[in-house]
Amino acid sequence: RPREPVFIAKGSKKAVFSVPNEYLADKYKPLGVALTNRFGEDADERIDVKKISIPPFGEILELSRDENFSLFIPKHRRIAGRLIDIFLGMRNVDDLVSVAVYARDRVNPYLFNYALSVAILHRPDTQDVDLPSFIESFPDKYVDAKVFAQAREQATVVPEGSRAPIEIPKDYTASDLEEEHRLAYFREDLGINLHHWHWHLVYPFEAAREVVAKNRRGELFYYMHQQIIARYNFERLCNKLKRATRFNDFKQAIQEAYFPKLDSLVASRSWPARVGNQRLKDLNREVDQIKQDVDDLKRWSDRIYAAIHQGSATDERGRKIELTENEGIDILGNMIESSILSPNRTFYGDMHNMGHVFISYVHDPDHRHLESFGVMGDSATAMRDPIFYRWHSYIDDIFQEYKATLPRYTENQLNFPGVTVSKVEIQVQGGSANTLNTFWQQSDVDMSRGMDFQPRGSVFVRFTHLQHQPFTYKITVKNSSNGNRKGTCRIFIAPKLDERGNPWLYRDQKNMFVELDKFTVNLKQGQNNITRASSQSSVTIPFERTFRNLDLNRPQGGEELAQFNFCGCGWPQHMLIPKGTPEGMPCQLFVMISNYEDDKVNQSTEGVCNDAGSYCGIKDKLYPDRRSMGYPFDRMPRNGVDTLQQFLTSNMRVQDVTIKFTNRTVRPKSRN
Ligand code: CUO
């Protein structure tokens, strides 16, 4: 179980809290100060916890300490909301520490960690506080269960310094007999799952209004998940599988099985698996206060479709809310997810969230086996399961249905007069132009903070993940207008051919485009040569932030670590480029320079966490692009456009590129 104090002051050394006796959980009260002394032996600092009047915890304590916690379960969300409010309501940091210490041994650990993380993220006085990476606090949500027995053994037997990293095999959840297993490297990737957890931490759908109501959060729910599906489908084509099929018939059996092989250290139970061909069942689980029929999903989706086709929704008081060209997608995002910003949760329901719940309880819909939810019930684990992508393909399809009702972009809305992209090239050191190279790489993560064994010290696990060789875009742009211009450079990539090996129709290919980067460019008159490194991507966070090694004895690395909470959101750099194929996957790289005058948002984006803005927004700022998210691929094409070539205006260019995968593994340099 997580043993470290979760709350660690900036520039942290090892700290021990000196706790008022009343704050100790009942079972520890008799031990009193002896407890502080015991853990205080090797502490550098003692923090005196102030006694304050603790607000009533009530329902928060109903979730016991050894249960699993899911934000998708309405009761759990409600109590999480209460706890967040308590943490946010504390007058100053000292009081926050007091109430957090009080909660620490009473509240469910997952719930505690989540609520405190959200509070720290949103309190003005905790902006420079660092949280341990989620994988270090709860490695059990990311790592093969087998590892823990080995880790415990190592920590007991092998002295620190002589411990070799425990290697997690690349293929441990299934064999090649299961064709879906070809995508396990994507679904079970640490960085991808951490990104998804962080995204939902930054954009909670239920909490105080000022926490939820972030700029364009409903639209970003649509876009970030649309991109996940585009990326997954791209990977599927690389692995000779067709695109994910929508899970749109709720009576139909779910063919895909998934056996996560994760153990919850908190609940001391294995995460339930799902065998093949299960069907959703009506839920009646008193323990979670859930009574919901599968038919409700259908009713909600029918009403959502009706709103889309009418062009308006109806709020709780029967008033009409137009789904306007600019704001409709944001309203719809909140309605489908749903968040507390939904215009009418009674009528449009809780579609996407309850889909997660129905799927995650398919093995025990009435709790007769006393089982908890499967991986789909937790945003930290949901992306491991193949059904995640089928469910989200369905959700995305509803958004696409709406997008198809919007006016198409005219040539004028796409073009940037006077600006021509005349050449695009990808350069790789020592490689041929326009070829991207991918391979396997191994990286280590220290899990010891998330475990309660003695003696202490680091225990590393070694993961194998996809990686690509760093590359550079070289873009030549001609500005023949009568002055300097400013533009937004938008870079996307998509497979060149569909699963049959045929060229795409634009209307299908537009949903396959994966965003690689977006940045502002200054264009002088005449020819401009733009150079941009793959590591600068606006969708990713740096590799070091995914696999950071937070060593408590090391002086903290300032800004980067201090801002981990928000900055943990971002697609992992090592997964920027899809795997490709050994023979070379033919792809199309798309570059567009749009007119900055139509894109710009008047704000400064200097400062923290501005490196994964495309998928995560920028902390405490407006979304950094005024256009609809996904522009220019977010709408049906204008009349007469059937192919990508026909779609192009002179400020756009397409370059054929190849992604070549080599089956070799790069090992870490630092440790053995
Ligand atoms: Cu991110 Cu369904 O929303 O998991």
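Helix axes are lines fitted to C-alpha atoms over the stretch in contact, and angles run from 0 to 180 degrees between N-to-C directions. Helices (H or I, at least four residues) are DSSP runs numbered from the N terminus. The model is predicted: local features need pLDDT of at least 70, side-chain atom pairs count only at pLDDT 80 or more, and totals for chains, interfaces and linings use all residues. Residues are numbered from 1 along each chain as its sequence is written, and side-chain values use heavy atoms, with hydrogens and water left out.

Helix α4 (residues 109–122) packs against helix α8 (residues 190–202) at an angle of about 60°, the axes being 10 Å apart. In contact (heavy atoms within 4.5 Å) are Asn113, Tyr114, Ser117, Val118, Leu121 and His122 of α4 with Trp197, His200, Leu201 and Val202 of α8.

An automatic or database domain assignment gives domain 1 (15–129) and domain 2 (180–261 + 278–403). Their centres, taken over C-alpha atoms, are separated by 31 Å. The contact draws 22 residues from domain 1 and 29 residues from domain 2. Between them the domains bury about 1900 Å² (accessible area, 1.4 Å probe, lost on being put together and summed over both), 65% of it on carbon and sulfur atoms. On the domain 1 side, Phe72, Ile73 and Arg77 lose the most area, together 36% of what that side buries.

Tyrosine 222 lies in helix α10 (residues 217–238). With a relative accessible area of 2%, tyrosine 222 is buried (under 20%, 1.4 Å probe, protein chains only). Not counting residues up to four places away in sequence, tyrosine 222 touches Ile329, Asp396, Phe399, Gln400, Lys403, Met629 and Asp634. The C-alpha atoms of tyrosine 222 and aspartate 330 are 8.2 Å apart, across 108 residues along the chain.

Technical notes: Helices (H or I, at least four residues) and strands (E, at least two) are DSSP runs, numbered from the N terminus. Buried means under 20% relative accessible area, exposed over 50%, partly exposed in between (1.4 Å probe, protein chains only). Buried area is the accessible area (1.4 Å probe) that two parts lose on being put together, summed over both.
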